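Please look over the structure shown here with its sequence. The report that follows takes up its pocket, its strands and its salt bridges in turn.

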Amino acid sequence: MYFCTMKKYLRFIFIMTAVLAIASSCEKKPVPPQGPNIVGSWELTDIQYTKSAQIGDQKVEVTLTFQADGSFKMKQMLGQGRVSEYSGTWALDGDVLSGKYSDDKSWGASYTVVADDKTLTMTPVAEEAPETYIYKRL
């Protein structure tokens, strides 16, 4: 009787050791960043000014692409003029987006962002009367 109980006990210990070994050897998945999901391509659809700012009667076209690896690409065109292209890195801390251009210069501002599946809204953090940039997902 004692031998059977000991055998069951050892079998239990062996199984638990195997389970723990398998569980600890599994690769851990990276934890996604907290905050809104901005990864993807976005097209500027509206600029809402809360201070006096004009770009004349020229339409501003901006396309932003945020990559999951922390890089971004941006294309800007004013009216029918030439297209300017920029790239660099971005970081999201909660709902605050900041970044650097490829020449290592920081963006002019950090932005509070709100995003859903269709819309990205960016508002500069430190300005007293900031403009709000609204993008649609491409």
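The largest pocket of this predicted model holds about 440 Å³ of space. A pocket here is an open set of points on a 1 Å grid over the protein atoms alone, where a 1.4 Å probe fits and protein lies on both sides within 12 Å along at least five of seven lines, and its lining residues have an atom within 4 Å of a point. The points are joined across faces, edges and corners, and the volume is the space filled by probe spheres set on them.

Of the 20 residues that line the largest pocket, Met74, Gln76, Tyr111, Tyr133 and Tyr135 are the closest to its centre. Two or more lining residues come from each of β1 (40-48), β2 (60-66), β3 (71-78) and β8 (132-137), these strands being DSSP runs of E with at least two residues, numbered from the N terminus. The largest share, five residues, is given by β3. By residue class, the lining comprises 18 nonpolar residues, two polar ones and no charged ones, where Ala, Val, Leu, Ile, Met, Phe, Trp, Tyr, Cys and Pro count as nonpolar, Asp, Glu, Lys and Arg as charged, and the others, Gly among them, as polar.

The strands themselves form a barrel: eight of them close in the order β1-β2-β3-β4-β5-β6-β7-β8, with antiparallel pairing, and two strands are taken to pair if DSSP finds at least two bridges between them. Neighbouring strands of this sheet are turned by 35° against each other on average, direction ignored, with axes fitted as lines to C-alpha atoms.

Across the whole structure, two salt bridges are found, each defined by a side-chain nitrogen of Lys or Arg within 4 Å of a carboxyl oxygen of Asp or Glu.

| Salt bridge | N to O distance |
|---|---|
| Lys136 and Glu43 | 3.6 Å |
| Asp104 and Lys100 | 3.7 Å |

Because Lys136 lies in strand β8 and Glu43 in strand β1, their pair ties together parts that are 93 residues apart in sequence. Lys136 is partly exposed at 40% relative accessibility, and Glu43 is partly exposed at 29%, the term covering values between buried (under 20%) and exposed (over 50%), with a 1.4 Å probe and protein chains only. In the other pair, Asp104 is exposed, at 55%, whereas Lys100 is partly exposed, at 35%.

Residues are numbered from 1 along each chain as its sequence is written. In this predicted model, local features need pLDDT of at least 70 and side-chain atom pairs count only at pLDDT 80 or more, while totals for chains, interfaces and linings use all residues, and side-chain values use heavy atoms, with hydrogens and water left out.

Definitions and conventions: Helix = DSSP H or I, 4+ residues; strand = E, 2+ residues; numbered from the N terminus. Axes fitted to C-alpha atoms, helices over the stretch in contact; angles between N-to-C directions.
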